[in-house]
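Open the model in your viewer and keep the selection tool ready. The tour moves from one stop to the next.

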Amino acid sequence: LLFPLLCFRSPLVTPLIFCLLLLAPFTQPSTITQPNFVLLLADDLGIGDVGCYGNDTIRTPNIDRLAKEGVKLTQHIAAAPLCTPSRAAFLTGRYPLRSGMDAINDKYRVIFWNAGSGGLPPNETTFAKILQHQGYSTGLIAFFYPLGQLSASIVMHCNSIETYSGLAAITCTDNILNNFLRITSSWNCTVPLSTIRISLKLIFELTGLISVRWKTLTCLAGFTLLFFISWFSSYGFVRYWNCIMMRNHGITEQPMVTDRTTSLILRESISFIERNKHKPFLLFLSFLHSHTPLLTTEKFLGRSRHGLYGDNVEEMDWMVGQVLDAIDKEGLKDTTLVYFASDHGGWLERQEGKRQLGGWNGIYKGGKAMGGWEGGIRVPGIFRWPGVLPAGTVIDEPTSLMDIYPTVVNLAGGAVPQDRVIDGRDLLPLLRGRVAHSEHEFLFHYCGTHLHAVRWHQKDTGAVWKAHYVTPIFSPPGAGACYDRGFCPCFGEGVTHHEPPLLFELSQDPSEAKPLSADTEPLFNTVIRRIGRAIEEHRRTLTPVPEQLSVSNVVWKPWLQPCCGTFPFCWCDKEGDQ
């Protein structure tokens, strides 16, 4: 419009142009072009571990800067309290039991081995696949153990992750190895004792003191050998088989060289941003931090007031800062939506002696693996997009990690699949202040495939009701977690079923300390009936799917083992060679 106006000599032209130029900076565009996406996901980070959520002893200035420059969600909810199902829901926008990524049993609630056959089914459509169809470059630089090695391959080949550089497994040095040490602790004695017995029997046989059949000795020797191989495999080879670094489709480190893992992941992240700065991109950076074994570089050891866990969180915050600096350096700050969250709450039971190696969930009860209590599912949730999202905003509305799916897809100009139920909701209207309330009326909180609790957001009153149908039995009693077990169970003797359910009003009692009853809450029966109807409606949307976390899918399979070399002698260091 300016060019035609300049063709006329009128005294009104100059003031009009001046006014248009003044108004331009204050006018928000009605349409949003495709932004870049940088999704930052921590592991096992408690909501109480972050400064902007109330922690004043662990330093997280870069995460806090994100909140100051963007939008902070105070009721951001994970779809599950464990890594595997939570991340499956994050990638697909669907409750994990819809894809078979939640467990029926209590022993195998996550994928332990990268040579298991379970994982995210290939018929699931991740947001990465949709974004690539919209012209995006997509990159995953990640701690990827929770979805399994087979699933990592599926995500790359079928769901259009162009660049994959990360870890097929990391808990090999911690959870997996510790589990095997518990199982094989008796074998440490069995193997040498059996060897001694056989040796003695051989001596007795040779000296003629005792007559022993050679067939019996052979059976005993074979049995002992099998036990020894099993024990040595679990104890010695696990770090070679399960701890690997991958770049795209190939293994570059086996075993993973943990001393340089942090620097490699950070370097790859920054390099991806630099390579794709001239076209829209999606970067999903899934941190190792703050999952045990808490790999922390020497630079950050001993810096925090909370031991190794605090050191690890502060290093992750530094990494967040490095990624933000890279975005700023390339001039991408105003065109990049940055998101930070954790996959679930902190692991309260993770201790070594008196050392606490798990996170803190602030005022919220419970933690990791607990399907209903807030501490296991309420996580940090921060968005930053200068010029589009209002800075310094705090939203106290129920939202979900599943909401990232439709939010990202819609912003990229794509469409969510119409042939399946998508449980996430587009957050952009809420984040921009265009609507006052979240689209979520009900959120269902599962522990494995068992429904433990339901949240009802009563929008007309602002109340947030939460009914608990099953809760874990803490051990020792009153401890606030299942310290005797290491994880709280989902069913069986380790849980309590509530009839009528425990009811809390979270806007008044976020710590879930004061259960309501029909005697203390006039709306008790009305609320319970309404939630009951919502459960019935929700269950009608569920369809049977293959169980991905069955024993047969989770168990280690030699023929699926990724190997950089000739199995079972799997080792290489291509990153070091470079």
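Buried means under 20% relative accessible area, exposed means over 50%, and partly exposed lies in between. Keep that cut-off at hand. Note also that this is a predicted model.

**Stop 1: Glu374 and Lys466**

Select Glu374 and Lys466. They form a salt bridge, with the closest N and O atoms 2.7 Å apart. Glu374 sits in helix H12 (residues 374-377) and Lys466 in strand S16 (residues 463-472), so the pair ties together parts that are 92 residues apart in sequence. Glu374 has a relative accessible area of 0%, so Glu374 is buried. Lys466 is buried too, at 0%.

**Stop 2: strand S16**

How many of the residues of S16 are buried? The count is 10 of the 10, so S16 is largely enclosed by the rest of the structure.

Select strand S15 (residues 450-458) next. S15 and S16 run antiparallel, joined by 6 bridges. Pick Ala453 and look across to S16: the bridge partner there is His468. Then go to the hairpin of S15 and S16, which has 4 residues between the strands. Click Gly462 in this hairpin; Gly462 takes a positive phi near 85°.

Strand S17 (residues 495-505) also pairs with S16. The pairing is antiparallel and covers 7 bridges. Pick Val470 and find His497, the bridge partner in S17.

**Stop 3: Glu69 and Arg384**

Select Glu69 and Arg384. Their salt bridge brings the closest N and O atoms to 2.8 Å. This pair links distant parts of the chain: Glu69 is in helix H3 (residues 61-69), Arg384 is in strand S11 (residues 378-384), and they are 315 residues apart.

Which of these two ends is buried? Arg384 is, at 0% relative accessibility. Glu69 is partly exposed, with a relative accessible area of 22%.

**Stop 4: Arg247 and Glu268**

Select Arg247 and Glu268. Their side chains meet in a salt bridge of 2.5 Å, N to O. Arg247 lies in strand S5 (residues 245-247) and Glu268 in helix H10 (residues 261-275), so this pair ties together parts that are 21 residues apart in sequence. Arg247 is partly exposed, at 23% relative accessible area. Glu268 is buried, at 10%.

**Last view**

Zoom out to the whole model. The structure holds 25 salt bridges, among them the pairs Glu374 and Lys466, Glu69 and Arg384, and Arg247 and Glu268.

Notes:
Residues are numbered from 1 along each chain as its sequence is written. This is a predicted model: local features need pLDDT of at least 70, side-chain atom pairs count only at pLDDT 80 or more; totals for chains, interfaces and linings use all residues. Side-chain values use heavy atoms; hydrogens and water are left out. A salt bridge is a side-chain nitrogen of Lys or Arg within 4 Å of a carboxyl oxygen of Asp or Glu. Helices (H or I, at least four residues) and strands (E, at least two) are DSSP runs, numbered from the N terminus. Buried means under 20% relative accessible area, exposed over 50%, partly exposed in between (1.4 Å probe, protein chains only). Two strands pair if DSSP finds at least two bridges between them.
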